[in-house]
Amino acid sequence: MTDGGFDQETAFSLLADETRVRIIKELGNATVSPDTGIPRLSYVDLKSRMNVRDSGRFNYHLQKLLGNYVAKEESGYRLRWPGMVLYRALVAGLLTSQADLSIDRFSVGTDCHRCGEPVEAHLYETLFRVRCWSCDANYTDIYVPTQGLVGKTPGEKLRTVHRRSRTVLSAMTAGQCPWCANEVAVEIRSGEGTLPSLHDTRDLDVYAIYRCTNCTGFHYLPVSQVLLYHPATMAFYHDHGKDLTEIPKWKLRWAVTDDTTEIRETDPWSFIVRIPLADDEFVAELDDNLDVVDTRAQADHQ
Ligand SMILES: [Zn+2]
Ligand SMILES: [Zn+2]
């Protein structure tokens, strides 16, 4: 093993010991901040924070981490970037049991766009879902690190989920994977009554799948939903005194159903999406890549 380089097997095998994981946590806990950057701890400081008696054992495990997760410099030991990624995963609770956080279903204050029953929020393992339990329409299904939800009110949880969803889907619909930074491809599928999910029975005539070409990360969504992340739609809302980025998508019928989407052509795909707001209407034309090729705003769409 050379300093600075490591393969996947080495990376994982290095963590097969509690002492090593604790070393990474202690180095990370040593007040990483914009002021200090990534701090260095001397051997003595680190050992004392670890509260270990067996110097030989401690030293053995510390040496094992060098070059991969930890760097040794004149001023002490510090986390290397992979170590920092691992530290953040640990403190976000990404790798550990989620059983410590349970959230009972609660109403989000919106009625189901299909059946009119209350839409509710729910944490399923690590997925936060905003859906209708009466008709199984699923309006949001997003992975949220549970540490980001602990201690928050229902309203704060919904805002966290909304922001998380926007972050992930803004990146994916722009063609970049939020998890691995690789290219995301879009595929349009005819709905034929079923979505590729046991938890979502929305009857969409057509839907889009955004899929990472590298890490298998994917999301499917109504084709109209790409407009949530498009500057022309944001400008239309802004012109009406509203910040589109602040509105959770489950409140927006046009974004979570295909009720205002018209299939103009099927080969290649082409769509017209109508977005009503106040007395106006925003109309966007999407091509088979779901790029916006034309927009117009018009008054009195009735
Ligand atoms: Zn419903
Ligand atoms: Zn990816």
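What geometry do the four donor atoms give the site of the zinc ion (ligand 2)? In this predicted model, the angles among these donor atoms run from 98 to 117°, and the site is tetrahedral. For orientation, the ideal angle for four tetrahedral donors is 109.5 degrees. The atoms that hold the zinc ion (ligand 2) are the SG atoms of C177, C180, C212 and C215, at 2.3 Å. Read along the sequence, these donors follow the pattern C-x2-C-x31-C-x2-C. C177 sits in the loop between helix 6 and strand 7 (184–190), while C215 belongs to the loop between strand 8 (206–212) and strand 9 (218–222), so this pair ties together parts of the chain 38 residues apart in sequence. The surroundings of the two residues can be compared through their accessibility. C177 is buried, because its relative accessible area of 2% falls under the 20% limit. C215, with 30% relative accessibility, counts as partly exposed.

A further zinc site can be described in the same terms. The zinc ion (ligand 1) has C112, C115, C132 and C135 as its protein donors, each through SG, at distances of 2.2 to 2.4 Å. Here the four donor atoms subtend angles of 96 to 116°, and therefore the arrangement is tetrahedral. The spacing of the donor residues in sequence is C-x2-C-x16-C-x2-C. Distant parts of the chain are linked by one pair: C115 comes from the loop between strand 3 (106–111) and strand 4 (118–124), and C135 from the loop between strand 5 (127–131) and strand 6 (138–143), 20 residues apart. C115 is partly exposed at 35% relative accessibility, whereas C135 is buried at 17%.

As a reminder, strands of a sheet pair through backbone hydrogen bonds. Between the antiparallel strands 3 and 4 there are three bridges, and S107 stands opposite E120 of strand 4. Strand 5 and strand 6, likewise antiparallel, are joined by five bridges; R129 has D141 in strand 6 as its bridge partner. These two strands form a hairpin with six residues between them, and D136 in the turn shows a positive phi of about 65°.

Attention can now turn to the layout of the whole chain. The chain is divided into domain 1, covering residues 8–92, and domain 2, covering residues 226–299. The centres of the two domains, taken over C-alpha atoms, are separated by 49 Å. A pair of leucines gives another distance: L14 and L252 are 238 residues apart along the chain, and their C-alpha atoms are separated by 47 Å. L14 is located in the loop between helix 1 (8–13) and helix 2 (18–29). Leaving aside residues up to four places away in sequence, L14 touches R20, K64, L65, N68 and Y69.

Conventions:
Residues numbered from 1 in each chain as written. Chains lettered and ligands numbered in written order. Predicted model: local features only at pLDDT ≥ 70, side-chain atom pairs only at ≥ 80, totals over all residues. Heavy atoms only, no water. Donors = N, O, S within 2.8 Å, 3.2 Å for Na, K, Ca; no water. Tetrahedral: all angles 85-135°; square planar, octahedral: opposite > 155°, others 65-115°. Helix = DSSP H or I, 4+ residues; strand = E, 2+ residues; numbered from the N terminus. Buried < 20%, exposed > 50% of the residue type's maximum accessible area, 1.4 Å probe, protein only. Pairing = 2+ DSSP bridges. Contact = heavy atoms within 4.5 Å. Domains from an automatic or database assignment.
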